[in-house]
Amino acid sequence: MNEPARTEDETRELSPEELAARIAEIASDKLAQDIRVFDLRGIVSYTDFFVICSGGTERQAKSIHDAIYQELKDDYRRLPRRVEGLTESRWILMDYLDAVIHIFTPDARSFYRLEQLWGDAPSHTVE
């Protein structure tokens, strides 16, 4: 049940909060697990939000990446500045400047433990 792509007149900029929320929503639609959004404004200068989630397998992690990439491109004409880790798909990083997305497999997520690094930042879980 895809909505039609927006026309040029309907395309609008997303605020950093809206971008992070939309990314979390897309990940949730792809059945990502344990989605957390960290508000890093005032903590770091290179981004406003981290969105961290897990795919159950490397294939699912890549599927989450593909959905985020395609929907932001089609609906908002947003492309990531950089994507890392797509080949192995254990930890995929997508940098949209205002929001950085980390998509992990469960093993990689427990190994790198980013939530512990950023545990003092305000965050919320997305269902």
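**Exercise 1: Overall build**

Work out whether the radius of gyration agrees or disagrees with that of a compact globule.

Solution. Keep in mind that this is a predicted model. Start with the chain length: for 127 residues, a compact globule would have a radius of gyration near 14 Å. Now take the protein's own value, which is 14 Å, so the two agree. As for burial, 41% of the 127 residues are buried.

**Exercise 2: Order of elements**

Find out how many helices and strands there are, and in what pattern they follow each other.

Solution. Count them up and you get 4 helices and 6 strands. Then walk along the sequence, and the pattern reads α-β-β-α-β-β-β-α-α-β.

**Exercise 3: Classify a ring pair**

Decide how the rings of Phe50 and Trp118 are arranged, and which parts they tie together.

Solution. The structure holds 5 aromatic pairs. In this one, the ring centres are 5.5 Å apart and the planes sit at 85 degrees; planes over 60 degrees apart count as edge-to-face, so that is the label here. Next, place the residues: Phe50 is in strand S2 and Trp118 in the loop between helix H4 and strand S6, so the pair ties together parts 68 residues apart in sequence.

**Exercise 4: Buried or exposed?**

Solution. The cut-off for buried is under 20% relative accessible area.

How values were computed. Residues are numbered from 1 along each chain as its sequence is written. This is a predicted model: local features need pLDDT of at least 70, side-chain atom pairs count only at pLDDT 80 or more; totals for chains, interfaces and linings use all residues. Side-chain values use heavy atoms; hydrogens and water are left out. Helices (H or I, at least four residues) and strands (E, at least two) are DSSP runs, numbered from the N terminus. The radius of gyration is taken over C-alpha atoms; the globule rule is 2.2 Å times the number of residues to the power 0.38. Buried means under 20% relative accessible area, exposed over 50%, partly exposed in between (1.4 Å probe, protein chains only). Rings of Phe, Tyr and Trp (its six-membered ring) pair if their centres lie within 6.5 Å; planes under 30 degrees apart count as stacked, over 60 as edge-to-face and the rest as tilted.
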